[in-house]
Each structure stands twice: as structure tokens, then as C-alpha cells.
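Please look over the structure shown here before reading on. The briefing that follows starts from a single residue and then widens to the chain as a whole.

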Amino acid sequence: QNEEKWDFVLVSDIHEIGSEKEIKRKKFLDELSKKGFTIKKIEDTKLFYGVRAPQHIFWKYQCLLTNSDSRQQNSSAHQDVPMSTRIRVVHFILQNTVTSDLEKLHDLMKKKVFETAFPLHKKEEIREILKKKWARWRVIFKEQPIEEIRCYFGEKVAMYFAWLGWYTYLLVFAALAGLVTVAAGATVFSSSQVSKEICDANNTIMCPLCDQNCSFWVLSDTCTYAKVTHMIDNEATVVFAMFMAIWATVFLELWKRERATVATNWDLYGWDEEEEELALQLINNSQHEPQLYQHSYFRSTIVLILAVLMVMVLIGIAHALVIYRAVAMALFTQSEVNLLSKHADTIAVMTGAVLHYITIVIMTKVRSHQGAWALLPFLEKPRTFSQRENNFTVKIFIFQFFTNFSSLIYIAFFLGRINGRPGNYVRIAGHWRLEECHPSGCITDLFIQMAVIMLLKQTISNIMEYLIPWISHQLRKNQKPPKKRTLMLGEEEEAEDPCKRQWLNNYELNEVNVFSLFNEYLEIVIQYSFTTIFVAAFPLAPLLALINNVIEIHMDAIKMMRLRRRMVPRKAKDIGIWLQVLEAIGTLAVIGNGLVIAITSEFIPVQVYKYMYSPCRRENHTGMDCSTGYINNSLSIFHIQDFEPHTKVLPEFNGVQISEYRDYRNADDYTYTIQFWHIFAARLAFLILFEHVALCVKLIAAWYIPDVPQKVKNQILTEKHSNLRNELRWVMPWKVPG
């Protein structure tokens, strides 16, 4: 039975005897044989080579990576290494074995000498446990078997699922807070004075929304939108935004504690990745010299310039979306279809959001093409795989962040603020008016955009993420191999080989690569950005993220166990560079939400009106709402004779001499009023105050919650003391001075 345990399988096409590819393949397999590897060949439609490493390799690994105390205990009896460790060590040796032509396995795969190499999913007890307790939909609300995941897939995958489970658990509190905010908006604030005034404004004539064939309109037409807006734009939203800033900090601080506990339980707290890599290099080649760290300011400058160019391209795409919305708005308002012309602004926002989602999908495909990033390792020269992965992570995250958020940043902070005024609009190519905010407020546009993108990402993207590997697996399975070739005289029948079916079944599964787990992390971290950065505009984001994550955990489990080949297990004592990325998002969330409340929301203008311009300021009205008259105060008057010459207004409201628009301008020369500057100063003051308070609370929370629990600290302290005591026993009395 032991003879049939294979660590890795190499797959190759059947090449002609004597061909260059066949010679290269033989050279590589000969190098493995010299290292003591056992190789088994099975021929089907492809050539399969099972490789098994000799036991002395793992003895060396144990000796090099255990402390002196355990080395003395285990000098006579070597323990069996776990299967995940075997696979990791064998994978390293396979990737770093060099042929006489100075080619590695990676080079041979590029030249199609080998097609692929993978470890096997085997019928082990632990695999059956994972299939039963993890990779099925009926256990969707049960705790994940993290220890079993670690034993089968290695610490890195287990750490990802531990983090994802922890994040999902804490999302419950954020989702509840979001629901309470929306519920408060729907009940307490739905009957707000501001939305009442909009619904009652039957005589308030507003300026046309386009230049050609648009009519004046009545403010009360936007009554429904006003109610929706004030459901998400009220005092409760400010409290919720502050809560989410604290939540993001508490989540990370509690995760650091959880990670310390997990790493200690796995005996990885003091593990050194660099030491492990050097040990594996020496096991593979005892003459190996370490690759030294390198840094070049010139190369770093080139990388920085390339990164800036990449960001500029993504900002250019955001500009294209802005142009689309401006043109779409103009076309929809002039449409013969009543539905399009009546709801032109909403349809332009929603189609713009769908188009934004499509650009996200396209740019994600561009990002996932490894060739596009092949130049970066050459420029940066990272020393280890971990360093290369960290560099790659930061750049790809920035790329994905701008892809996802550039359009949202425009809607939140620029839409409706750079479009000019009636009679003097800012135009694209001198023709199309820049889009204005929705009449009920700019936050509605941001709400719609976020809702559309999050719903599409969590439905279509997740369905495709599961369906594509499933369909691909079914197609590979159903590709029936041709009838077996006629056997030569004296050749044994290979169909009876018990390994053949197992190797074929594994080969039929979808391929995994070193960045398969990276893609899972990236997807959740981008989702975390949506859940925190503009959450003030979309309080339901944490709830959508929670629902998504509960499904995502088990969808990833099913993909890993049933649809994909086995990942090469890797060691890790934390989530790596992603922790710094999450901390950066936490800071951006404070800035983003502060800006949304200060700039996008109507919260500040309403407060300024209440305390400086309302009836309550002038006389004592105890029974009156202090926001009474806000809507009329927030509108400016425009004389229709000042329209631009090419403006054509439909004659629906005959005899109209003046119309109104949302702004704080004087009626005679259209300059800003003193109230505009009061609001501007209040916005700035609130932003500074909100961000300083939120950042101070974040710092206090980070200080208050220790990164490492006392129990873990004491456990490590006790272990160090015990090890030093044992070392002392080995010091002979006659070697002690004195």
C-alpha cells in the first residue's frame, strides 16, 4: 500500500522518441532520479509520471527546522511528516530542480515539455470529513472545521478561511446597525419636514433638465425620491458612519488577537518564512548560495511611473463613464418613449452603474492576465516568493480599487458641483451639459450606483465564479479518451493499475495556480472596501456582504474540494500584506464617510439652516420644526431670459418668467450668497471634526484591545523558560567557568 502513495503527478503529451521535447523531459526525470525520487509512468491519452520523494529529504527537513531540544529527542526516531508538508517540500524541489540545459520545470512547461504538475486529492479520512462537514450546502450555518482545513490544505488556506469566518461573524453586528439605520430612516425620518416640503411644492417651477425639448417641471414630482433620500440621509446616518469607523478598527484588532491564538495553536508563532525557504534550498542543493536582497531607486521609479500611468488609465475610464451619463441624459430626455423621458436621470444613473460593473468585469479579466504583470518581478527583483506576492498584491489592489471606486468617487464628490448653473453650464466638447445631481439630493445617485454594483457583483459574479469551474470540470470529464492502442507483445495491461483512475480524476479537475488564493482574498477585500468606505450612502452594504460571505465560504469549499485540483499547501502565520491593506481601507473609510456626510449629504446644509436661517433663529417657536422653510431657502431664482441662445423649452408652462434650481446664488448676478460660504465653512469644520474624532476613537480602540492575548503571551513565555531550562541541563559541569 505504501508503494502507491505518490506525492506529485507530472503530465506530458506523448512526444516522438528522439524529439527535443522528449529529450528535455528525460533529462528532467533523470535529475529527479539522481535525487532519489521514485518515478512511475502511466500512459493514457497523455503521459502521467507519479513522483515520490525519498525519506531522507524529510529527515533533513525535520532536522533543519526543529529546535535543538526536539532534535536531541528525535535523533534516533524520525516521525512521519504530515502529507501537507510532504507536498510542500516536493513541490519546492520540483520547481527548483535544474537540468543540464539550465532549465527548471517552469521553463519546461512554457516549452510544452510538461503540461502540468499537481498534488493528488486522495481518499483520506480527513478529505471525507471536509466533504461532509464543510464542502456541502447543508452545513452552511455550521462552524468551519479549520483544523482539518489546515491539515489538508496547509496553514495559508486555513488562515484565509479563519479570517473570512471571523470577518463574516463580525459583519452580523455591522449588518444589524445598518438595518437599524434604514429602519430609523423609514419610520422616524420618513415624515421629515424636508421631504414634506418637497411633496407639497406644487407651485415651485424648476429649471429644465436638458437644453432641447425639455419642459419646466414641478418640484413635487420628486416626492417619492425625496422620501427615499431622507430614509438614508438623516442624523442616524452620521451615527452609523461613526459606528462603522469604530467597527472597522475593532474588527482588525480582534482579528489580530484571533490570529495570535490560531498561530500559537499551530505552533507557528515564532516560525520564520525566510529560514524555511533557505532550508528547502539547502535540502534541494547543499551547494546553494542565498540570493541577496536587492534594491534599486531607478527600478522603483520606473515601477512608480508605470503605476501612475495605470491609475491614469483607470481615471480615464471613469471620465468615459461621466461622458456616457451626460450624453445618455441628453438622449433620454429627448426620447419619444414617455418612460425614458420622464425618468431620464434615474435611468442614466442605473445604466451608468451597469456599464461601470461591465468595466469592472473587463478590467478584472485584464488584471487576471498574468502576462500583463510579468515585467514587474523583473524590475523589482524580489528575493522570495512571499516578497513577490506582497509587491503583486499592493499593485493589483490599487488597480482593482480604482477600477471599482473611480466612478463612485466622481458621483460622491464631483457630480452636481462642477456642472455650472442655468445660463452658464459646463459642457463636454461644448455640446452636452454635465450631469446634475438628482433633484432630491446627490446621495441618491451614490445609493443607486452602490446598490446596483454590489447586487450585480454578488449575484452575477458569484454565479459565474461557481458555474465556470463546474462547466469546465464537466466538459473535461466528458471528453471520452479514444480506445486504448493495441498492446505490443509482452507489454502489461495498464488499465488495471489502481493509480490510473485516481490520476485521471485529478487531471480532469480545474487547474489551480499560486494566485488562486490571492483572487479569493482580493474579492473579499474589495467587498470590505464597499462595506466600509461609502457605507454612509448605502447602510445595507454590510447586510449584502454578510449574505454573500455565508454563501462564499461554502462555494469556495466546494470549488476546492470537488472542482479544483489540490492546492499546494503553504505555511503562513498571518494573512500577510492583506492586513496592511485592510488597515489602509479602515483609514480611507473614515475619510470617505466624513466626505460623504460633509459634501454629498444634505446633513450640513440642513443644520446650518436650522441654527442660522430658520424661523427658530428669529423667534421662539417651540412647537415648530426648525427645518421649516429649508427647501425654499435652498433654491435660487433664475430669469428665463438669461437662458443660453440654443436652449429650447417645451411650451408646457406658458407665461413662466422665473424658474428655480438647487444652489445658493443671488437672483441678480448669480454670484454665491453668504449662506453658500457659511455652508462651505460648516462642511469643512464638520469634516475636520468627524475625521479627528473618528481617528482618535480608532487609535484608542487599537490601544485598548491588545494585539496578542495575555494567555498567548504567557504560553510563549513559559515555553521559552522551559526550553532554556532544558538547554541548561546539557551544559556539562566541567565546562562551567570557575
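K500 is buried, with a relative accessible area of 9%, where buried means under 20% relative accessible area, exposed over 50% and partly exposed in between, using a 1.4 Å probe and protein chains only. This is a predicted model, in which local features need pLDDT of at least 70 and side-chain atom pairs count only at pLDDT 80 or more, while totals for chains, interfaces and linings use all residues. Residues are numbered from 1 along each chain as its sequence is written, and side-chain values use heavy atoms, with hydrogens and water left out.

**Salt bridges**

- The structure holds 26 salt bridges, each being a side-chain nitrogen of Lys or Arg within 4 Å of a carboxyl oxygen of Asp or Glu.
- D44 lies in the loop between β2 (38-43) and β3 (47-52), whereas K500 lies in helix α19 (residues 498-508), so the pair ties together parts that are 456 residues apart in sequence; helices (H or I, at least four residues) and strands (E, at least two) are DSSP runs, numbered from the N terminus.
- K26 and D30 form another salt bridge, their closest N and O atoms being 3.4 Å apart, and because these residues are four apart in helix α1 (residues 20-34), about one helical turn separates them.
- K26 is partly exposed at 48% relative accessibility, and D30 is partly exposed at 33%.
- D556 and K559 meet through their side chains in a salt bridge of 3.4 Å, N to O, and both residues are buried.
- Helix α21 (residues 541-563) holds both D556 and K559, which are three residues apart, about one turn of the helix.
- A network of salt bridges links E20, K24, K27, D101, E103 and K111.

**Two further residues**

- E197, found in helix α9 (residues 193-200), is buried yet has no salt bridge, and the nearest side chain of opposite charge, K196, is 9.4 Å away.
- Leaving aside neighbours within four places in sequence, E197 is in contact with S627, T628, G629, Y630, I631 and N632, where contact means heavy atoms within 4.5 Å.
- I688 has its place in helix α26 (residues 674-704) and is partly exposed, with a relative accessible area of 47%.
- The C-alpha atoms of I688 and L595 are separated by 9.7 Å, although the two residues are 93 residues apart along the chain.

**Domains**

- The protein chain is divided into domain 1 (8-120) and domain 2 (146-287 + 294-475 + 514-605), with bounds that come from an automatic or database domain assignment.
- The centres of domain 1 and domain 2, taken over C-alpha atoms, are separated by 42 Å.
- The contact between these domains takes 21 residues from domain 1 and 17 residues from domain 2.

**The chain as a whole**

- The protein chain has 27 helices and 14 strands, and its C-alpha atoms fill a box of roughly 105 × 80 × 55 Å, taken along the principal axes.
- Of the 738 residues in the protein chain, 51% are buried.
- Among the contacts in the protein chain with a separation of 6 or more, 79% are between residues 24 or more positions apart.
- The accessible surface of the protein chain comes to about 36,700 Å², with 61% of it belonging to carbon and sulfur atoms; accessible areas come from the Shrake-Rupley method with a 1.4 Å probe.

Key: Lys, Arg positive; Asp, Glu negative; His and termini not counted.
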